[in-house]
Amino acid sequence: MIIPPKNFMELYKFLPQTNCKKCGKPSCMAFALELLKGTVKIEECTPLIEESKYKTGYNKLKELLEGEEGIKKELKINIDNEKCDACGICIIACPVNARYCYSILSGKTPDYPPDKHQLFLIKQGKCELLNLEHCRRLATEGRERECRICETYCPREAIKIEYN
Amino acid sequence: MNEDKRVPCSGCSLLCDDIIVIEKDKSNYDIIGACLKGIQKFEQRNSKNRILSPYIRQNNELVKVEWDEAIKKTIKLIKGSLNPILYGFSTTSCETQLKAIKLAQKINGFIDSNSTICQGKVLNSAKKKGITTITLTEIINKSDVIILWGFNAVESIPRLLSKVLFSRGKFRLTGREIKTLIIIDTYKNASFKVLGTKDLALIVEPDKDIDLIKILKKICKNNIKLPNEGTAGIDKEDIKRFITYLLNSENIVIFIGQGLLKIQKDGNPLEKLLDLIDIINNKNKNGRISTVMMGGHYNMAGFEHIALSYIGKNQNIQFQNRKLIQTKMNIISKIKERDFDLSIIVGTDAISHFPSEISKILTSRPIILIDNRKSGTYFVADIVLPTAITGIESEGLAFRFDHVPIKLKKIMNPPNDIPNDEELLDKIISKLDKNNVNSD
Amino acid sequence: MEMLLNIVRMIDYDQAFEFTESEIESIGEKLAISFINSKDFKEMYLVPSLNLHLSNKYGDIIVKFKQNENLPKGIILMPVSIWSNQLTYTINGDIIYKNIKIQVEGTRDQITKFDDIIKNLKI
């Protein structure tokens, strides 16, 4: 059984990695991220089909994405309520919050009602997700980042980032 | 929302003062910002095990009684005792702690707080040489290395790491990237998940921390070579990296946990560690190492400050003829030697936290319990007197783990007009006075 | 089999939380629990339906168990509770919570009840 890729780096290693820009994206890394999100098809990278040295890469990509390419996927950040203990690391480490909520710079809870850019809110001892549209992974065209800071630093492994 | 609408939380000794409480309707509140430990404190007000009136044990059952009868029986027990002990007080305000010491003085009792078996041990071990401490604001703004020694921060004080490691203080604006975390423990616990690539994890063998500290002392003092096979289960390269951090950083903070308080191989690892810190602080003039211990209850440091300023001693306070006398006993040895005939337990669950050999002796004499919900001690107590929850239903002063005073606020009224700890102790003291005047 | 017991704080198994939230009869479901390494689990021929009998010269209790791969061999963890304090002891006025020597074996008996511990303490 093929496990669907979680990380765009798993797709990047099978691309030409020449940054030729024939697909219209600024780099092979950007194309890999778009492939994961389902906004482009594998065939849009023309060197993969035209040149025989990339054939194994092309076959592997077809196998990994298994017919799900081109179907637009949504970013989901799932927080497991059973595991969360409201430690506040996700709120304070998030770079978007650091720009808009000044209280968190010294480790304090942000103001209430929450700022319209604030991600995550701690209420009744559990963490809730807010304003997903302001996450750094979904920033405006070309400035998206592969940001997994909340997922990496949660000590109870309660946050999972996925596309589906 | 203004900064001064925020309320301090009395869940643990971190005493976060940035909690926001929103009143939705009568007795229904939204609590923003508190971790699970803090929420548990706020939920105590509606607990199904909350005690709402006094109880007295008759024929081995607890029977509900009126306040007058309960106070009368309490006074009778106290007057009939020659050698009472008072214990707890780390979940009460400083005003209550002062009243309790005055009560102990009046009845020639022995009074001690939870601090003797926890946070207070660090101060005790530092009596000869002194200790460098640091405040939370300084840790946020100036520290660059955080060491957790025998302390699992994620499972005991959830918000600590978010405040000291991930915050972006005034002189540490890049936050996590510029701070280093070093964890020393016997197994890979939940705190290890927060480690990054530049951090250090040392897994020591059980009861061998003292060997590691001895080697570090020899290296820093006499500059001897590292043993090739490492020590205490840690290899040579890791010890080298550890020493480099200790000798070349600007501001190191060591958080000590229960793991380092046990006597190992007839040596006290805490004393040896404080010696090592002394040596390094003298050697490295551009840097400084501070030591901190955090307790589970929110006012352990408060009792020590109040006792020290009122009577001149911070722990193990024994009164005789209304005066302080010397004693080498602490609460555990007092109970073990059966040197008491009545115990008054305030705000703690002594039966569930002491070893069974101590709890069995404690239950062999009468117990007066002052607390707000059922616990192990409730099921063996002879008199139970309920009080309001400090920090939610009554206000008071508390001292944080770094000895900074924080004023706790009153958010709502207690149910059933229950008195707070200070009012109850006041009532007992004045009834004792009245009885004395009548009998003269 | 002889092993070492470590009593630690755990957010999911907190005695103060259980006394606040749960019925007194059922706090044993959450607190009478221990954690053991998978290799020890195999060596002692345990199965998940059994319970563990922990004993030393200060007391003995029967608790449930769960597996934890992060533990080194020969160490058992328990959360701070009235159950684990049946095995702790004191030396010179200090309470010992870490690296306590105990005997461990599998058993089919039920876990020790809270009422029985309280009865045992009242002598």
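Predicted model: local features only at pLDDT ≥ 70, side-chain atom pairs only at ≥ 80, totals over all residues.
Local features are described where pLDDT is at least 70, side-chain atom pairs count only at pLDDT 80 or more, and totals for chains, interfaces and linings use all residues. Residues are numbered from 1 along each chain as its sequence is written, while chains are lettered from A and ligands numbered from 1 in the order in which they are written.

Chain A holds seven helices and four strands; helices (H or I, at least four residues) and strands (E, at least two) are DSSP runs, numbered from the N terminus. From that terminus on, its elements follow the order α-α-α-α-β-α-α-β-β-α-β. The C-alpha trace of chain A spans about 55 × 35 × 20 Å along its principal axes. Of the 164 residues in chain A, 28% are buried, a residue being buried if 20 or more other C-beta atoms lie within 10 Å of its own, exposed if 12 or fewer, and partly exposed in between, with C-beta atoms placed from the backbone. Among the contacts in chain A with a separation of 6 or more, 53% join residues 24 or more positions apart; two residues are in contact if their C-beta atoms, placed from the backbone, lie within 7 Å.

Chain A is divided into domain 1 (8-65) and domain 2 (75-163), with bounds that come from an automatic or database domain assignment. Taken over C-alpha atoms, the centres of these domains of chain A are separated by 30 Å. Five residues from domain 1 of chain A and four residues from domain 2 of chain A make up the contact. On the domain 1 side, helix α2 (residues 28-37) of chain A gives the most, with three residues. By class, that side has four nonpolar, no polar and one charged residues; Ala, Val, Leu, Ile, Met, Phe, Trp, Tyr, Cys and Pro count as nonpolar, Asp, Glu, Lys and Arg as charged, and the others, Gly among them, as polar.

Helix α2(A) has C28(A), F31(A), A32(A), L33(A), L35(A) and L36(A) as its buried residues. These buried residues pack against α1 (8-12) and β4 (159-163) of chain A. Just after the helix, G38(A) takes a positive phi of about 85°.

The contact between chains A and B takes 22 residues from chain A and 28 residues from chain B. On the chain A side, α5 (89-93) and β2 (121-123) of chain A are the elements that give two or more residues, and α5(A) gives the most, with three residues. That side comprises 11 nonpolar, six polar and five charged residues.

In chain B, nine strands form an open sheet of mixed pairing, in the order β4-β3-β16-β15-β14-β5-β6-β12-β13; two strands pair if DSSP finds at least two bridges between them. Because β4 (61-64) and β13 (323-325) of chain B stand at the edges, each with a single partner strand, one side of each is left without a neighbour in the sheet. The twist averages 20° from one strand to the next. Within the sheet, β5 (residues 84-88) and β6 (residues 110-113) of chain B pair in the parallel sense over four bridges, and Y87(B) has D112(B) in β6(B) as its bridge partner.

The largest nonpolar core has 176 residues, of which I89(A), C90(A), A100(B), I147(B), W149(B), L161(B) and F255(B) touch the most other members; such a core is a set of buried Ala, Val, Leu, Ile, Met, Phe, Trp, Tyr and Cys residues joined through C-beta atoms within 7 Å. Helix α10 (residues 269-283) of chain B supplies the largest share of this core, six residues. Apart from it lies another core of 16 residues, among them L15(A), F31(A), L35(A) and C45(A). Leaving out residues up to four places away in sequence, F255(B) touches I147(B), L148(B), W149(B), F151(B), A153(B), V292(B) and M294(B).

I184(B) lies in strand β8 (residues 180-185) of chain B. I184(B) is buried because 23 other C-beta atoms lie within 10 Å.

Finally, the contact between chains B and C takes 41 residues from chain B and 36 residues from chain C. Helix α14(B) gives the most to the chain B side, with six residues, and by class this side has 13 nonpolar, 18 polar and 10 charged residues.

Notes
Axes fitted to C-alpha atoms, helices over the stretch in contact; angles between N-to-C directions.
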